[in-house]
Amino acid sequence: MTPQLTPTRRRSFGLVIAAAALPMFMATLDNLVMTNALPVLHAELGASVEELQWFVNAYTLAFASTILIAAALGDRFGRRTVFLIGIALFSVGSVAAALSSDPTQLITARAVQGFGGAGVLPLSLALLSGGVAPERRPLAIGIWGGVSGLGVAVGPLVGGAVIEGWNWQAIFWLNIPVAIVAIPLALFVLNNDFGAKARIDLVGAVFAAGSVLALVHGIVRGNDDGWSSLGVVMELAAGAVLLVAFLLWQRRAAAPLVPLRLFSDRSFSATNVVGFAFSFGTFGAVFILIQYLQVVQGASPLEAAVQTTPWTLAPMFVAPLAGIFAPRIGTRALMVAGLVLQGAGLLWIALIMSETTAYAALVAPFVMAGVGMGLVFAPSATALLATLGVIDHAKASGVNSTVREIGIALGTAVMTAVFVGAGGELRPDMYVEAARPAVLVGAAVLFAASIVGLWLPAGRSSTTPASDTGDAEPPVPTSEPDALVRT
């Protein structure tokens, strides 16, 4: 039976973007805001090196392992409902983190934040897409992509500034006024869209969470414990087995957590491959280069974060423009150009890196890489959803968020392994020669992603499917007469 839509209330374009993007900014900001706080936490909480890693990894693992189930819960119980629960849970975790007095408490609080973030990020894009008129969707997604990039970019910057001017607890207290504004704004502005009202695929959820948890945890342990160590090998093998079990189960499940039919969509599949490679190459390189600015060029953590802003802040300005021009130029052309620019920027940096390289010489390649990031952020979100009905937007965004998170973890781990394998140490005379091949790996992955990007549909407005020309979606097979309802 064809799903029916109740009349949809339309709110201000700007309010919809603010309501969907503000919590997403908060969640992405906290993914990296801890990086500059680690030395302070080591001193004030007496945290060991292993515990310092878990301050970051607890968030990442909780976030990555529960994204898919959060998207499914949003489809079943209302995307705005789960979105609001995610904001509230993230806020509870933030308060608990700020009040933590020992490492165990902080690790637990960070995990709670990660669970909350999983309810925010995938549903943010789905709610935004359903809340604006289809003809304005590319611009909205462009702005959303810019805000997403800004959250990633200013995480270390905000962390360094707050810690130097205040204390480490303040990086968590800052989330509370954001949540106080975001919750009523979302209630007033956003529609409570539903996907197919089917039972939650609990077996699939266990397989998915277990697979992502084992893979990501194995990846982040690889450099510390050794990639050939029994624990790491067994964890990666278990993750692979659970992933195969998940895919086999999704083929037979009555209401799959991830409908495998989505992967028959060329735009969806290619965008996920590009998203993985983009996250792998970009964020692994960011990790290496921020350390280069500190170890080799003598910058403080805050100074290093400021110095990378020509790179990391560029998407805030470029992504909305990419969203505006995507219907005319096409998402494929923008994404391929962005990946090439990003790869070329990293290649340029790798070739000029030395102990005596002036910061001014890095500005141009930083800008090139930043423009490339901006050209990928928004068009990739548009391409992901381009040929899918609104009913699939939450699941599609959940898959993409999971893939990107694994890409970030694997990129950081692999580039660190390349650095260590090349004899790198955190000393000016031992850093550059090992950092160069690591950054070159990132550039190579981005160039490879640009080739995959050629497989994408053109993505111009003339090729936009009928389902994006109005609010009504094409018929979706379902046993529920109200499979897609907005309230």
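## The whole protein

Welcome to a protein built with 18 helices and zero strands. What you see is a predicted model. The chain has 487 residues, and 56% of them count as buried.

Two further figures round out this overview. Among contacts in the protein with a separation of 6 or more, 84% are accounted for by residues 24 or more positions apart. The accessible surface of the protein comes to about 18,300 Å², and carbon and sulfur atoms hold 70% of that area.

## A pair of packed helices

Let's look at one pair of helices. Two packed helices are described by the angle between their axes and the distance between the axes. Here, helix α11 (residues 266-295) packs with helix α16 (residues 360-385) at an angle of about 155°, and their axes are 11 Å apart. Because angles over 145 degrees count as roughly antiparallel, α11 is roughly antiparallel to α16. The crossing of α11 and α16 is left-handed.

Which residues of α11 and α16 make the contact? From α11 come S267, F268, T271, N272, F278, T282, Y292 and L293, while α16 brings L362, M373, V376, F377, S380, A383 and L384. Sorted by class, the contact of α11 with α16 has ten nonpolar residues, five polar ones and no charged ones.

Is T387 buried, exposed or partly exposed? Its relative accessible area is 39%, so T387 is partly exposed.

Definitions and conventions. Residues are numbered from 1 along each chain as its sequence is written. This is a predicted model: local features need pLDDT of at least 70, side-chain atom pairs count only at pLDDT 80 or more; totals for chains, interfaces and linings use all residues. Side-chain values use heavy atoms; hydrogens and water are left out. Axes are lines fitted to C-alpha atoms, for helices over the stretch in contact, and angles run from 0 to 180 degrees between N-to-C directions. Helices (H or I, at least four residues) and strands (E, at least two) are DSSP runs, numbered from the N terminus. Angles under 35 degrees count as roughly parallel, over 145 as roughly antiparallel, 65 to 115 as roughly perpendicular and the rest as oblique. A crossing is left-handed if the near helix is turned anticlockwise from the far one by less than a right angle, and right-handed if clockwise. Contact means heavy atoms within 4.5 Å. Ala, Val, Leu, Ile, Met, Phe, Trp, Tyr, Cys and Pro count as nonpolar, Asp, Glu, Lys and Arg as charged, and the others, Gly among them, as polar. Buried means under 20% relative accessible area, exposed over 50%, partly exposed in between (1.4 Å probe, protein chains only). Accessible areas come from the Shrake-Rupley method with a 1.4 Å probe; for residues, only the protein chains shown count as cover.
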